[in-house]
Amino acid sequence: MSGLPGTDPDAKYPAWVVNPWNGEQLEVLEYQYSVLEKFWKEMDQRAQDAGVKLAWELHPTNTVFTPTQFLEFDERVGGFKNIGVNMDPSHLMWQGMDIMKSI
């Protein structure tokens, strides 16, 4: 799972920004990505050091939950070495995705 940080450093609850369109939501999403970026860069390095691969589940209650979002986040962090995604079509079907194209 990619995770679901709160809206800001003092947030007490997670906040799922699905389709940000205004300045406030875009700021929240940028903050969430900054938290996830630091965390997952460290996890990628730990996985490399341990000689293991990690697979995210593209679950609809996470900040990153589509194949496109994963690729964008991967680019944002400079490319994961030991992190990818698992393929659970049920999490993509409800979004109307073509499973074969997603693969």
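Biologist: What should I know about the model before I start?

Modeller: It is predicted: local features need pLDDT of at least 70, side-chain atom pairs count only at pLDDT 80 or more, and totals for chains, interfaces and linings use all residues. Residues are numbered from 1 along each chain as its sequence is written, and side-chain values use heavy atoms, with hydrogens and water left out.

Biologist: How are helices assigned, and what span should H1 have?

Modeller: Helices (H or I, at least four residues) and strands (E, at least two) are DSSP runs, numbered from the N terminus. The expected span of a helix is 1.5 Å times one less than its number of residues. H1 covers residues 23–50, which is 28 residues, so it should span 40 Å. Its end C-alpha atoms are 40 Å apart, in agreement. Just after H1, Gly51 has a positive phi of about 70 degrees.

Biologist: Which residues of H1 are buried?

Modeller: Buried means under 20% relative accessible area, exposed over 50%, partly exposed in between (1.4 Å probe, protein chains only). In H1 the buried residues are Val28, Leu29, Gln32, Tyr33, Leu36, Glu37, Trp40, Met43, Asp44 and Ala47. Their cover includes strand E1 (54–56), H2 and E2. Cover is judged by contact, meaning heavy atoms within 4.5 Å.

Biologist: How do I read the sides of a helix such as H2?

Modeller: Start with the geometry. An α-helix has 3.6 residues a turn, so residues three or four places apart point the same way. In H2, the buried residues are Gln69, Phe70, Phe73 and Asp74. They cover an arc of only 135 degrees around the axis, which puts them on the same side of H2. The arc is that of the directions from the helix axis to the C-beta atoms. The face turned away from that buried side carries exposed Thr68, Leu71, Glu72 and Glu75. H1, E1 and E2 are among what covers the buried residues of H2. Just after H2, Gly78 takes a positive phi of about 90 degrees.

Biologist: How many salt bridges does a search of the whole structure find?

Modeller: A salt bridge is a side-chain nitrogen of Lys or Arg within 4 Å of a carboxyl oxygen of Asp or Glu. The search finds four. One of them pairs Arg76 with Glu30, with the closest N and O atoms 2.7 Å apart. Arg76 lies in H2 and Glu30 in H1, so the pair ties together parts 46 residues apart in sequence. Arg76 also bridges to Glu37, at 2.9 Å between the closest N and O atoms. That pair again joins H1 and H2, so it ties together parts 39 residues apart in sequence.

Biologist: Is Glu37 buried or exposed?

Modeller: Glu37 is buried, at 18% relative accessible area. Arg76 is partly exposed at 29%, and Glu30 is partly exposed at 42%.

Biologist: Where does Asn82 lie?

Modeller: Asn82 sits in the loop between H2 (67–76) and strand E2 (83–85). Asn82 is buried, at 10% relative accessibility. Its side chain reaches the backbone oxygen of Val52 at 2.7 Å. Not counting residues up to four places away in sequence, Asn82 touches Asp44, Ala47, Gln48, Val52, Lys53 and Leu54.

Methods: Polar contact = N/O pair within 3.5 Å; in protein donor to acceptor, adjacent residues only side chain to side chain.
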